[in-house]
Amino acid sequence: DEIEGPRRIRALHQDVVNKIAAGEIIVAPVHALKELIENAVDAGSTSLEIVVKDGGLKLLQISDNGCGINKDDMSILCERFTTSKLKAFEDLQSIGTYGFRGEALASISHIAHLSITTKTADSSCAWKAHYAAGKLAPAKPGQSADPKACAGRQGTQIQVEDLFYNVPTRRRAFRSASEEYAKIAEQVGKYAVHCQGVAFSCKKHGESGTSIAVPMAAGTKDRIRIVHNSDIANELMEFEVSDKQYGFKTNGFASNANYSGKRTTLLLFINHRSVDSSAIKKAVEQTYSAFLPKGGKPFLYLSLEIEPARVDVNVHPTKREVNFLNEEEIVELICGAIRSKLGKVDTSRTFMTQS
Ligand code: ADP
Ligand code: MG
């Protein structure tokens, strides 16, 4: 019974490191799509068209009409930590764009077949390139890996095919394409409500109908009507709260006491990034519990802008959650504003029924 000595420690091969990192950033198709939507919005697009096949596992395609990518940048585009957005670590304190780490495209290229077609305003043609493991790759074995000239409109089209094809355990974990599509449609719907001045469409590959189609000019209430329904859109209260001391301002639409849903719908944006927050959800549900019938749940679209220096966006690999200072105080101010609006609607209803 001899005790074995410690095993030798060795550095992992770079490709293994990249694949592990990619799997942390892109856990499901919806995470890849979220990154691609944010890139398209960062690029100044006013139109995003999304096509999805097999819940995004076979194909995720997103076409935008943004600024495009310079042909000369296409060779390093998918390397890890290449970005046009962040230069110094300190910039994280003032970051105004969605992306900042230059990891999304790199990650996707390690766990899917990625191809990109792009055209800038001053290029006479579009360029198409394929990527594998961070680098330009030939479309077919034996061909050149260089970007190829082709016809195309200004903007960028990204195609992600066979996601997780080389991560079989992850691939097998997805049981239902329709479940993954539902998550995708929910995420697209959130950005479609939030991004004023941007048209969105989202559909399943091969189907003529779209599941989401929001025109560019639609206002927030109409966006909610299109993405959700009129039952919600007809019962909304607009609100605004801000506070200098806590460095935030917020605006949004909250359902009034006439609306009572089966589950809470919370569209939460912090500095224009769609995020989750169980703390905010809980506080909001508590606020409404005094106004809704037992078990009734609200709808809330909340866009919270906090001074970038008070926010830490870098706490979660998928950027799903963010930390910010004075969270409790800020949430209480927001819930207070909603509570007083709910109170007012209630009295006006009583008044109307009495007169
Ligand atoms: P990040 O968004 O953090 O910079 P990404 O890997 O998502 O990193 O993208 C890398 C770079 O590729 C971006 O900084 C941007 O310059 C360019 N890019 C990505 N998607 C688009 C797009 N749809 N339109 C224009 N440029 C894009
Ligand atoms: Mg990005």
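Predicted model: local features only at pLDDT ≥ 70, side-chain atom pairs only at ≥ 80, totals over all residues.

Me: In which sense do strand E11 and strand E14 pair, and over how many bridges?

Reply: In general, strands of a sheet pair through backbone hydrogen bonds, in either a parallel or an antiparallel sense. Here E11 (residues 248–255) and E14 (residues 299–306) are antiparallel, with seven bridges between them.

Me: What is the strand order of the open sheet, and which strands form its edges?

Reply: The order of the five strands is E10-E11-E14-E12-E13, and the pairing is mixed. Strand E10 (236–243) and strand E13 (273–274) are the edges, each pairing on one side only.

Me: How is a helix such as H8 to be read, and which of its residues are buried?

Reply: An α-helix has 3.6 residues a turn, so residues three or four places apart point the same way. In H8, the buried residues are Ile280, Val284, Thr287 and Tyr288. Viewed down the axis of H8, the buried residues lie within an arc of 90°, so they line one face of the helix. The face turned away from that buried side carries the exposed residues Ser278, Ala279, Lys282 and Gln286.

Me: How do helices H1 and H3 cross?

Reply: Two packed helices are described by the angle and the distance between their axes. The axes of H1 (residues 14–25) and H3 (residues 104–111) come within 8 Å and cross at roughly 110°. The two helices are therefore roughly perpendicular to each other, and H1 passes H3 in a left-handed crossing.

Definitions and conventions
Residues numbered from 1 in each chain as written. Chains lettered and ligands numbered in written order. Pairing = 2+ DSSP bridges. Helix = DSSP H or I, 4+ residues; strand = E, 2+ residues; numbered from the N terminus. Buried ≥ 20, exposed ≤ 12 C-beta atoms within 10 Å, placed from the backbone. Arc of directions from axis to C-beta. Axes fitted to C-alpha atoms, helices over the stretch in contact; angles between N-to-C directions. Parallel < 35°, antiparallel > 145°, perpendicular 65-115°, else oblique. Left-handed = near helix turned anticlockwise from the far one by under 90°.
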